[in-house]
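Trainee: I would like to learn how to read the packing of parts in a model of this kind. Could we go through it step by step?

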Amino acid sequence: MAKYSIAIIGAGPSGYFAAQALQNLETEELNFSIDLIERLPTPWGLVRSGVAPDHPKIKSVSKVFEKVATAGNVSLFGNVEVGRDISLEALKTKYDAVILATGTSEGKQLGIPGEDLPNSLSAADFVPWYNGHPDYAKLTPDLSSDTAVVIGAGNVAMDVARLLALDPSELDPTDTAGHAIESFKKSKIRKVYICARRGPEFASFTSPELRELPDLEHTNVLINKEVIEAAIKRVGPEPEKHLKSNLDAMLKIASNELHPHERTMEFLFQHVPSSIDGQNKVESVTFSTPEGQKTINCGIVISAIGYQPKEQNGLKVESNKLTNTDGHIEDNIYVVGWAKRGPSGVIGTNKSDAADVAKLLVSKLSKEPKAKFDLGSALDAKIVTQPIWEKINSAEVAAGEALGKPRLKAISREDLLGLGEG
Ligand SMILES: Cc1cc2nc3c(=O)[nH]c(=O)nc-3n(C[C@H](O)[C@H](O)[C@H](O)COP(=O)(O)OP(=O)(O)OC[C@H]3O[C@@H](n4cnc5c(N)ncnc54)[C@H](O)[C@@H]3O)c2cc1C
């Protein structure tokens, strides 16, 4: 029986799905020993630090991850960063194959004047801040103005706008980071604009997320009905199914009865941002619109226009992903998930994709497996193994239970590692 050692870098959805795909390819002759390496003391990637805290059901996919992790042939090496604690080059020589599942953590830039003003933020920083990612805890978004502008036309923009527009008491029963709940409770923002460059027919919001917006208990959601009707005319009588359900969902929002809420979230289409202005911080955003130039006064701007991989480990980034051919980078190095395809698709998309890459990897394995490498002995970092992670997880869940939350997240690396020692 041949037992191959595989290193997977990144314990987000695509890392777990890659491990699962390898498990599914095991036979009596072919076995894998998988080391899953994660830079944070906590696994699950964007399921912990991206997915909106008011969407807890989505996070139940973590049960699948834990099943994969405890199936017997996976070892977690949390709190270990490839490129800092060990090099990709070292892994490449010690393992039969290395799979990068490192995601796309950098926000894309608007490239307009004023983007660097204080309180002009990227969703790539703001989202992990409210989700308690240790690297973003020190962000101090100023929520003291009455108006926020979110730029983007996808679900991340919608998550950000919704989090800013809802009544923060709606976050009490969620796992939103404590520091963020505190800030949202002090927030003076009552009007949130979500601004898309093109018309509604080009937006990449998805309909389930749109359909739930009218359920917000304390916020009016506004869309101009004529704008949606014009888009429906433009797309003709037989639009693609997902486009039709998107436009239907938007039309429903546009037809909604308004309530006397003080909070509003308003969609604006065909608003192309041309500058962000202000003396010492954001004071307004100017857009080109079909009706001419328009300036919206606001105290904070958050752009959510896409992500790209961080440049690390000497790998090339091209068109929002690591340069690869069907998941193969070079030699015995592979890539899956958002690092492979760029930031698109839902969590499940990473599963079929990882299965294809795992098949390709197996087809290219050499006949003789390498001797098993003892990764732990090559590291100085305080390793978060699966049992330690389980302690951290249980401690967070227990602390949350008392407060009616799914978990109370520990934020700093020290606090997380401390829970693992408890
Ligand atoms: C704000 C937001 C909300 C979303 N909401 C939803 C939703 O509601 N429903 C849905 O289906 N999908 C949602 N998605 C999409 C979903 O999160 C992605 O499809 C999925 O997370 C991509 O998985 P990944 O493993 O490729 O990347 P990630 O989840 O980003 O995981 C990458 C992992 O690699 C680790 N890593 C990076 N570099 C290193 C290194 N050098 N060494 C070790 N580890 C490293 C990171 O710490 C991270 O844990 C959302 C995405 C975002 C950004």
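Predicted model: local features only at pLDDT ≥ 70, side-chain atom pairs only at ≥ 80, totals over all residues.

Trainee: How many residues surround the ligand, and which are the closest?

Mentor: The ligand is surrounded by 34 residues, of which G10, G12, G45, G103 and G337 are the closest. As for secondary structure, at least two residues of this shell come from each of α1 (13–24), β2 (30–38), α6 (155–165) and α11 (337–341). Sorted by class, the shell around the ligand holds 16 nonpolar, 14 polar and four charged residues.

Trainee: How far apart do the C-alpha centres of domain 1 and domain 2 lie, and how many residues does the contact take from each domain?

Mentor: In general, the size of an interface is often expressed as the accessible area that is lost when the parts come together. The C-alpha centres of domain 1 and domain 2 are 33 Å apart, and the contact takes nine residues from domain 1 and 13 residues from domain 2. On the side of domain 1 that touches domain 2, the residues divide into four nonpolar, three polar and two charged.

Trainee: Turning to helices, at what angle do the axes of α9 and α10 cross?

Mentor: The general idea is that two packed helices are described by the angle between their axes together with the distance between those axes. For helix α9 (residues 225–235) and helix α10 (residues 241–255), the axes come within 9 Å and cross at roughly 155°. Since angles over 145 degrees count as roughly antiparallel, α9 and α10 are therefore roughly antiparallel to each other. The crossing in which α9 passes α10 is left-handed. K225, I228, A231, I232 and V235 of α9 make the contact with L243, L247, M250, L251, A254 and S255 of α10, a set that divides into nine nonpolar residues, one polar and one charged.

Note on methods
Residues numbered from 1 in each chain as written. Near = placed C-beta within 6 Å. Helix = DSSP H or I, 4+ residues; strand = E, 2+ residues; numbered from the N terminus. Nonpolar A, V, L, I, M, F, W, Y, C, P; charged D, E, K, R; others polar. Axes fitted to C-alpha atoms, helices over the stretch in contact; angles between N-to-C directions. Parallel < 35°, antiparallel > 145°, perpendicular 65-115°, else oblique. Left-handed = near helix turned anticlockwise from the far one by under 90°. Contact = placed C-beta atoms within 7 Å. Domains from an automatic or database assignment.
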